[in-house]
There are 2 protein chains.
Amino acid sequence: MDQARPAQRGNNLDDVRRNNLAIVLGLAHVRGRVSRAEVTKVTGLNRSTVGGLVAELVDLGLVVEQEPDAASHAGRPSAIIAPRPDIVAIAVNPEVDAVTIGLVSLSGKVLKRIRYDTARVPTPEEVVNIVTAVVAGMRGELERSFRTVGVGVAVPGLVTAEDGEVVVAPHLDWHNVPFSAMLSDALGLPVVSANDASAGITAESTFGSGREANDHIYLNGGASGIGGGIVINGALYPGVSGFAGEFGHSLVNSGGVLCHCGAYGCLDTEVRQSALLAAVSLDAADSEQLESVLVAQFARSEGPDAAVLELVNRQIGFLAESLRGTVNIFNPELVILGGFLGTLYAVAPELLESGVRDRALKGPREDVRFARSELGLDLLMIGAAQLAFAPMLANPASIDKALGKAS
Amino acid sequence: MDQARPAQRGNNLDDVRRNNLAIVLGLAHVRGRVSRAEVTKVTGLNRSTVGGLVAELVDLGLVVEQEPDAASHAGRPSAIIAPRPDIVAIAVNPEVDAVTIGLVSLSGKVLKRIRYDTARVPTPEEVVNIVTAVVAGMRGELERSFRTVGVGVAVPGLVTAEDGEVVVAPHLDWHNVPFSAMLSDALGLPVVSANDASAGITAESTFGSGREANDHIYLNGGASGIGGGIVINGALYPGVSGFAGEFGHSLVNSGGVLCHCGAYGCLDTEVRQSALLAAVSLDAADSEQLESVLVAQFARSEGPDAAVLELVNRQIGFLAESLRGTVNIFNPELVILGGFLGTLYAVAPELLESGVRDRALKGPREDVRFARSELGLDLLMIGAAQLAFAPMLANPASIDKALGKAS
DNA sequence: TAAATAAGTTCTTAGTAAAAACATATTGGA
DNA sequence: TCCAATATGTTTTTACTAAGAACTTATTTA
């Protein structure tokens, strides 16, 4: 109501320092290693200011300064700053048949991944117990060699942004579970939870195919359908209530079948992983083999089976129809395709690209690039860890210097 | 989630002051009048800081402090700050049959609008001459009573953001015209040019239906088709090369006809103003009467003509099909409909709203609102003026205190 | 070996917002 | 009518910021 537009908050000196520290730490985090000279150039800050910022981050125990790289030009070589490799987050991903727990360091390196299979769909309490047990097992090592910033959880469901309550996770059958609070109480560590797709997109946009493009569109195809996300200025665009990015439910076929969403001819129903699996006689459980089977068929001298070829062409046609609208609307620099959509693209890249380019408007079609997602198995671990790192990355000075690891 | 991306610039103290001045002036500009206490609350800045900021803006001659409103609660009444009414911009909108020139004050008040009809499509030189002549006629008044910040031009064509070169304006038959430079040379005033649709959307989002919603989607229907814009965080989202917002070229009918864009079944071809005009036997030149004719038909006791009703239902159906996809993708708070799309909505609001709500996903559909654009005739004048005001609003201290008006 | 170049370091400075203390203007109750 | 409570404006002081100048250090190049 009094929320009229310039609801911008004012800036003060603390904001300046916080923001500048965050930029320097963020550069080290995203790039892995960066010279002070590069920081000076990118930020436009004075050498002496950068010196002070780096010194503070070193003092906070967040980065280390290393020997300069072999010099390639005249002038004093610039020291390299890198995130301290002992700063870690614990990543958690509960699924219907397993709980995966990872140890991830700054700059997105997955140091450890433990998959704990469950006999049945785990309850929230069971997940808390499993995570607690696994973390207890690592505790000695954690305290000896690492500083643990917190825990990030990628949940296959709807999670509130403020307090990490799982409103609903359909496949897990969780409803209104204050999961962040439960896990935090059990572990004595800060916990941040979010939707798994959102976490994955954030990871992909920070460390995967999207790392060079500030703005991009992400479309992911999984067993349960097609989801996606809009990344603007490096951040996932949430929409007014956190649902933005449902690219699966736009029209691609007026004569199409009824979608579970209630409409007809959605991308989500016309382009399905299950149809592809059936066409190559694979079981739903063997979805990981889909790509290798398809690639093998397309590599044969006689080409793929006629039915497979027709289905792939048909699905790519619908995907292209959807993407041409998306390209016209967003004029994106980059479209990233994950899951079986990435497989479709890998099998016939020209078909998809020309399908979009032939139908999109002249302006937008000239600047768009396509890419597959890159992060694979690590995607959700990195995404979940990023959730835990985010508060520290936004305000490096807030970290507790006494955190973990004796002095 | 919003952590630093590689290319972020650092902050310094000048940025802080500039930003805080911009926020205060922006509040006065957008709201027309605002109390110092409100500024303190909205910005979170200290009373003394706000006092200093306002004093500087007063000193710069950009705002005035007025008597407080009648107090409604205990405590010292808070002074009202308002933009100085003598700060103006000149708005220019060249069209195929006329050049419209306006005088617009801060907070978007159109003080004067002059439409200069042309016998034929004007050349850039002719537009420069017309504007120069009109401004010369006003010069006495301008110098006596106003401080003219600059000139904004809303061009029906593609304009580069950096130097205001008109790459192409199809209806005017302009190609690669450095229009900003030409007009600036002739007037001796700074000139900013931009696409007319973009300028209109910015105006509508700042002063029209979008003023309460930071993020929204705008769809406009005109004689030449359907265009639109994506407003995120109060700013028009440009896309990688400035073409974002083409909502007219997404699929709404797989069995549809070939669109001029080369694809089939686009919203732009299935929902056209010309079809509506033909249905009610109006000439293309009488498009302004479309709404009153349609409203009259729908208000009749026997209802509209069967053919008209069927056409309206059909067009609203396609519009709803397009909007359900858009609502799913953006999860917007507000969708603003302008031009004949606003007319369609006005004639049958429930039909459109239910058409979208019945087909959109549960999450996004619950939070979306629809509105017509509000600004009407003033739209492009305000939008063009906003172009001219923008540099000053972004950096109030940069204004030349000696500007105009012997002080 | 010296010059050119580029970056790190130290110290000083201008400028910022906040905070504290005080002044002012209103409402509401006794 | 007066006084307390409240909210805001004003003045002065303070802590802290980044920039800049001057200097030092480490490399390439001629």
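## The five-stranded sheet of chain A

In this predicted model, chain A contains an open sheet of five strands, arranged in the order 6-5-4-7-11 and with mixed pairing. The edges are taken by strand 6 (109-117) and strand 11 (191-195) of chain A, each of which has a single partner strand, so that one side of each is left without a neighbour in the sheet. Direction ignored, neighbouring strands of this sheet are turned by 20 degrees against each other on average. At the end of the order formed by strand 11, the pairing of strand 7 (residues 147-155) with strand 11 of chain A runs in the parallel sense over five bridges, and A154(A) stands opposite A194(A) of strand 11.

Two helices of chain A pack on this sheet. Helix 6 (residues 196-207) touches strand 4 (87-94), strand 7 and strand 11 of chain A, and its direction makes about 100 degrees with that of strand 11. Helix 14 (residues 379-394) of chain A touches strand 4, strand 5 (98-105), strand 6, strand 7 and strand 11, with a direction at about 125 degrees to that of strand 7.

## A helix pair in chain B

In chain B, helix 4 (residues 124-145) and helix 5 (residues 179-187) pack at an angle of about 35 degrees, their axes lying 10 Å apart, and the crossing of the two is right-handed. Helix 4 of chain B contributes P124(B), V128(B), V131(B), T132(B) and V135(B) to the contact, while helix 5 of chain B contributes F179(B), M182(B), L183(B), A186(B) and L187(B). By class, the residues of this contact divide into nine nonpolar, one polar and no charged.

## Symmetry and the contact between the protein chains

Chain A is superposed on chain B by a rotation of 180 degrees with 0.0 Å of shift along its axis, at an RMSD of 0.1 Å, which is the relation of a two-fold axis. Among the residues of chain A, S254(A) comes closest to the rotation axis, its C-alpha lying at 2.6 Å.

The contact takes 64 residues from chain A and 64 residues from chain B. On the side of chain A that touches chain B, the elements giving two or more residues are helix 1 (13-31), helix 2, strand 14 (235-236), helix 10 (306-330), helix 13 (362-367) and helix 14 of chain A; helix 1 of chain A gives the most, with nine residues. The residues of this side comprise 30 nonpolar, 25 polar and nine charged. Of the interface residues of chain A, 89% are also interface residues in chain B, so the copies meet through the same surface.

## The surfaces near the DNA strands

DNA strand C is surrounded by 29 residues, of which N12(A), R36(A), S48(A), G75(A) and N46(B) are the closest. Elements giving two or more residues to this surface come from both protein chains, namely helix 2 (36-43) and helix 3 (47-59) of chain A together with helix 1 (13-31) and helix 3 (47-59) of chain B. Helix 1 of chain B gives the most, with four residues, and by class the surface has ten nonpolar, 14 polar and five charged residues.

Around DNA strand D there are 30 residues, the closest being N12(B), R36(B), A37(B), S48(B) and G75(B). Here the elements that give two or more residues are helix 1 and helix 3 of chain A together with helix 2 (36-43) and helix 3 of chain B. Helix 1 of chain A gives the most to the surface near DNA strand D, with four residues, and this surface has eleven nonpolar, 14 polar and five charged residues.

How values were computed
Residues numbered from 1 in each chain as written. Chains lettered and ligands numbered in written order. Predicted model: local features only at pLDDT ≥ 70, side-chain atom pairs only at ≥ 80, totals over all residues. Pairing = 2+ DSSP bridges. Axes fitted to C-alpha atoms, helices over the stretch in contact; angles between N-to-C directions. Contact = placed C-beta atoms within 7 Å. Near = placed C-beta within 6 Å. Nonpolar A, V, L, I, M, F, W, Y, C, P; charged D, E, K, R; others polar. Left-handed = near helix turned anticlockwise from the far one by under 90°. Least-squares fit on C-alpha atoms with pLDDT ≥ 70 in both.
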